[in-house]
Amino acid sequence: MLPKKILLSVAGILAGALLLSACSSDDNGGSPAGGTPASGSASASATPVAVSFEPAGGTGVNPATPVVVKAANGKLLDVTVTNTAKGNKVAGKLAADGTSWTTTEPLGYGVTYKIVAHAQGADGKAVEQDNQISTIAPKKQANANLIPAPSAVASTGVGVGQPIVFSFGKIAVKNKAAVEKALTVESTPKQEGSWYWIDDSNVHYRPKEYWKAGTTLKVSAKIYGVDFGGGVFGAEDRTETYKVHDSWIAKADGNTEQMQIFHNGAMVKSMPISMGKDATPTHLGAHVISDKQANYTMDSCTYGVCPPDPKAYRSNEKFSERISNDGEFVHENPNSVGQQGSSNVSHGCINLNGANAQWFFQNMGLGDVVEVTNSGGPQLPVWDLYGDWSKSWADWQAGSAVK
């Protein structure tokens, strides 16, 4: 047994060690050495919820830009976006985790919206945050008019030569690249294609080669909110579908004075023709049928040749199908039957006898192709309605505004 004096000494040492340990624990804030402070979780839960808005607010907001509300350190309870003039609310969707809310429909032009968001923080406290935005008010709005009108060819489809045309009426498009990027043509089966600006108001789309028979074309113009330039913005989005029917291609040769008709690549008929005389030759190149009328009054005044000009004419013709905008048709002409197959005597049209004209009218339609060779005329201009195929593929691609 240790002496009492030694035992007292050991007890004193142990007490001192405990005292040092207690002091060390106090210096670490009451937590074990290296541990997370107990006050850490309390600080996080005490952080209030923060609500943010996109766009942040103000004027000049593009209505196609979605409104997004976000919550940090908490969740959104509800969000309303209200048209201050009419009182109607904009549809939106809350994310599954409650941290964001996004509009699901576009805003309107020239409208002020009040945004009210209710949120709750991790600390359990609810807050309300308000915001206000105003959208741009265009000087004019541009509509994407499609040619041919989808309803006009819904039952018949279009031919393999049919270009897709967006016309913006009297709007002169300044930001062509921005507008073109909003336009798409999806072909099934897929074919390479490109846009070409005929002028400031009309843009055409065609494939590198004729469409394949049976192709489906999904055409879209996502122009709402797109800046056309000069204070003009797109009026609304549009999506349409076209169907390409069987391949019908007519080949009119000025040397043989014959026109051969090919259906899906196989020649099915040949017929004698008379094309434009030397003074008014038929244009060379691929023409595309744009209209057909069983009875049609042909008037040279429609392209600027009016009486008393000796070249002026006005006549009623049967089974007429337009192949250009300057007065070229394929049609019946009983007055030139004697020259059909031997000489060119028309004002630029392709003349047929009654039986052949009726057969052609019954089998050929919008978007089908009439290729003219050896007519003695100039190339069909690209701007002459559907002169799209007069351009080489490289030149056609150069007409795109997107480089």
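This is a predicted model: local features need pLDDT of at least 70, side-chain atom pairs count only at pLDDT 80 or more; totals for chains, interfaces and linings use all residues.

Trainee: What percentage of the residues is buried?

Mentor: The protein chain has 403 residues, and a residue needs under 20% relative accessible area to count as buried. As for the buried share of the residues, that's 42%.

Trainee: And of the contacts between residues at least 6 apart in sequence, what percentage joins residues at least 24 apart?

Mentor: Start from the contacts in the protein chain whose residues are at least 6 apart in sequence. Then keep those joining residues at least 24 apart, and you get 64%.

Trainee: Let's zoom in on a strand. How many residues of E14 are buried?

Mentor: E14 covers residues 202-207 and is mostly covered. Asn202, His204 and Arg206 point one way, Val203, Tyr205 and Pro207 the other way, and all are buried. So with the cut-off at under 20% relative accessible area, the buried count for E14 is six of six.

Trainee: Which residue of E14 is the bridge partner of serine 167?

Mentor: Look at E11, residues 164-167, which runs antiparallel to E14 and is joined to it by four bridges. Follow the bridge from serine 167 across to E14 and you land on asparagine 202.

Trainee: Which residue stands opposite proline 207 of E14?

Mentor: For that, go to E13, residues 193-197, which pairs with E14 in the antiparallel sense over five bridges. A hairpin of four residues joins E13 to E14. Opposite proline 207 you'll find glycine 193.

Trainee: What is omega for the cis peptide bond between threonine 188 and proline 189?

Mentor: Proline 189 is in the loop between strand E12 (183-188) and E13. For the cis bond from threonine 188 to proline 189, omega is about 5 degrees.

Trainee: Where is glutamate 257, and is it buried or exposed?

Mentor: Its phi is near 55 degrees, a positive value in a residue other than glycine. Most residues other than glycine have a negative phi. Glutamate 257 is found in the loop between strand E19 (248-253) and strand E20 (258-263). Its relative accessibility is 5%, so glutamate 257 counts as buried.

Trainee: What about phenylalanine 319, buried or exposed?

Mentor: Phenylalanine 319 also has a positive phi, near 50 degrees, and lies in strand E24. At 18% relative accessibility, phenylalanine 319 counts as buried.

Trainee: Over to the pockets. Which strand gives the largest share of the lining of the largest pocket?

Mentor: The largest pocket holds about 200 Å³ of space. Of its 14 lining residues, the closest to the centre are Ser315, Glu317, His331, Asn333 and His347. By class, the lining has four nonpolar, eight polar and two charged residues. The largest share, three residues, comes from strand E24.

Trainee: How many charged residues are in the lining of the second largest pocket?

Mentor: The second largest pocket has a volume of about 170 Å³. Its lining has 13 residues, and the closest to the centre are Thr280, Tyr303, Asp326, His347 and Gly348. Besides five nonpolar and five polar residues, the lining has charged residues numbering three.

Trainee: Last one: which residues is serine 290 in contact with, leaving aside neighbours within four places in sequence?

Mentor: Serine 290 is found in the loop between strand E22 (285-288) and strand E23 (291-299). With a relative accessible area of 18%, serine 290 is buried. Its contacts are Arg322, Leu366, Leu385 and Tyr386.

How values were computed: Residues are numbered from 1 along each chain as its sequence is written. Side-chain values use heavy atoms; hydrogens and water are left out. Buried means under 20% relative accessible area, exposed over 50%, partly exposed in between (1.4 Å probe, protein chains only). Helices (H or I, at least four residues) and strands (E, at least two) are DSSP runs, numbered from the N terminus. Two strands pair if DSSP finds at least two bridges between them. Contact means heavy atoms within 4.5 Å. On a 1 Å grid over the protein atoms alone, a cavity is a set of points where a 1.4 Å probe fits but cannot get out, and a pocket is an open set with protein on both sides within 12 Å along at least five of seven lines; lining residues have an atom within 4 Å of a point. Grid points are joined across faces, edges and corners, and a volume is the space filled by probe spheres set on the points. Ala, Val, Leu, Ile, Met, Phe, Trp, Tyr, Cys and Pro count as nonpolar, Asp, Glu, Lys and Arg as charged, and the others, Gly among them, as polar.
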